Amino acid sequence: MQILVAPSILSADFANLASELKRAEVAGADWIHVDVMDGHFVPNLTIGSPVVASLRQHTKLPLDVHLMISNPDQFLKAFAEAGSTHLTVHVEACTHLQRILSQIRLLGMKAGVALNPATPLDMLTYVLDDLDLVLIMSVNPGFGGQEFLQSTVTKVRALRQMLNNAGRHQVHIIVDGGINASTASKVIEAGANVMVAGKYVYGSADMSLSIASLRGNSSTRPRHHNPSVTGNHHT
Ligand code: DX5
Ligand code: ZN
C-alpha cells in the first residue's frame, strides 16, 4: 500500500490554522489529522466540529478526524456536516461500536476505530467489515510530543495479519503518537500505511523534508519478503 502522511494540527499554531494547513499541503501532506478532545475521555481539551467546518474551507485534502471523546454517537452528524472525510472513534468510548461505524458510513464518511495502547485487537474481530481505517495509538492519547511505545510494532504486525486473514487488505492502518523517521520505518515494515505526526512535522525547520522522511524509508527501500507479513502487498 502507498504510504500516506497525515500531519496532526495539534502541534500547529491554532491562531493561524489556515496558513498552517497550507504549509502542510505545500509540503506534501496526504491527509490532515484533526484531534478532537473533550477533557473527559482524555485529560485535555481541543476543538470541535465548528473548527472542522472552518478547516474545510481552506483545504481540499481529506480531513482525518480523530474523536477522543466520550459518547461519540451524539456528534457523528455534526462532524459529517462540518465536512469530515474520515471519522475515527475510540473503541473504549463506544458501547455500540458496530452501530456507530455503520452510522458513520451512512453519513458519507469513512469509518475508523482507534485503540489505546492497552486495548487488545480482539475488540475488532466482529467489526472488520464495518471499518475502513484502524488507528493504533502508539502513545496514550491526550497530548502531542510523547514518546512512542515500542509494543506498537508487534500490535501493528498482528493487525495487518488479522486484516489479511479476513480479506480486508484495503483497510488503512494508521499509527498515531511519537512518529518520526525512525519509528515510522518500524511500523511501516510491520504493515502500517498511514503516519500521523504532530511535533515531528510541525516542529521541524523543513516540513517537506520531515514529511518525505516519514515515507522515504519504505518507498525507496527494496521490497523484501517477511514471513510474518505474508500476503501484505505494499502497492
Ligand atoms: C495524541 C493525538 C495525536 C498527536 C500526535 O493524543 O492523537 O494525533 O497529535 O502528536 P505527536 O506526533 O507529537 O506524538
Ligand atoms: Zn490523533
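**Close-up views of selected sites**

**View 1. Ser 49 lies in helix 2, which spans residues 49–56.** Helices here are DSSP runs of H or I with at least four residues, strands are runs of E with at least two, and both are numbered from the N terminus. The model is a predicted one, in which local features need pLDDT of at least 70 and side-chain atom pairs count only at pLDDT 80 or more, whereas totals for chains, interfaces and linings use all residues. Residues are numbered from 1 along each chain as its sequence is written, chains are lettered from A and ligands numbered from 1 in the order in which they are written, and side-chain values use heavy atoms, with hydrogens and water left out. Ser 49 is buried, because its relative accessible area is 18%; buried means under 20%, exposed over 50%, and partly exposed in between, with a 1.4 Å probe and protein chains only. Apart from its neighbours within four places in sequence, Ser 49 is in contact with Ala 78, Phe 79 and Ala 82, contact being heavy atoms within 4.5 Å.

**View 2. Ligand 1 is surrounded by 20 residues, of which the closest are Asp 35, Gly 142, Gly 145, Asp 176 and Gly 198.** A residue is taken as near the ligand if one of its heavy atoms lies within 4 Å of it. Strand 2 (32–37), strand 3 (63–68) and strand 8 (194–197) are the elements that give two or more residues to the shell around ligand 1, and strand 2, with three residues, gives the most.

**View 3. Asp 132 is placed in the loop between strand 5 (110–115) and strand 6 (133–137).** Asp 132 counts as buried because its relative accessibility is 16%. When residues up to four places away in sequence are not counted, Asp 132 touches Arg 105, Lys 110, Ala 111, Gln 170, Val 171 and His 172.

**View 4. Asn 71 and Pro 72 both belong to the loop between strand 3 and helix 3 (76–81).** Asn 71 has a positive phi of about 50° although it is not a glycine, and it is partly exposed because its relative accessible area is 41%. Pro 72, in turn, counts as buried because its relative accessibility is 1%. Beyond the neighbours within four places in sequence, Pro 72 is in contact with Leu 67, Val 89, Ala 93, Cys 94 and Ile 100; from Val 89 it is separated by 17 residues in sequence and by 6.8 Å in space, C-alpha to C-alpha.

**View 5. Gly 177 is found in the loop between strand 7 (172–176) and helix 6.** Gly 177 is buried, because its relative accessible area is 10%, and it touches Ser 138, Val 139, Phe 148 and Val 196 when residues up to four places away in sequence are not counted. Its C-alpha atom is separated by 13 Å from that of Val 5, which is 172 residues apart from it along the chain.

**View 6. Helix 6 (residues 181–190) has Thr 183, Ala 184, Ser 185, Val 187, Ile 188 and Ala 190 as its buried residues.** At the start of helix 6, a side-chain oxygen of Asn 180 comes to within 2.9 Å of the backbone nitrogen of Ser 182. Just after the helix, Gly 191 takes a positive phi of about 120°.

**View 7. Ala 212 lies in helix 8, residues 207–219.** Ala 212 is partly exposed, because its relative accessible area is 39%. The C-alpha atoms of Ala 212 and Ala 27 are 185 residues apart along the chain and are separated by 8.6 Å.

Terms used. Polar contact = N/O pair within 3.5 Å; in protein donor to acceptor, adjacent residues only side chain to side chain.
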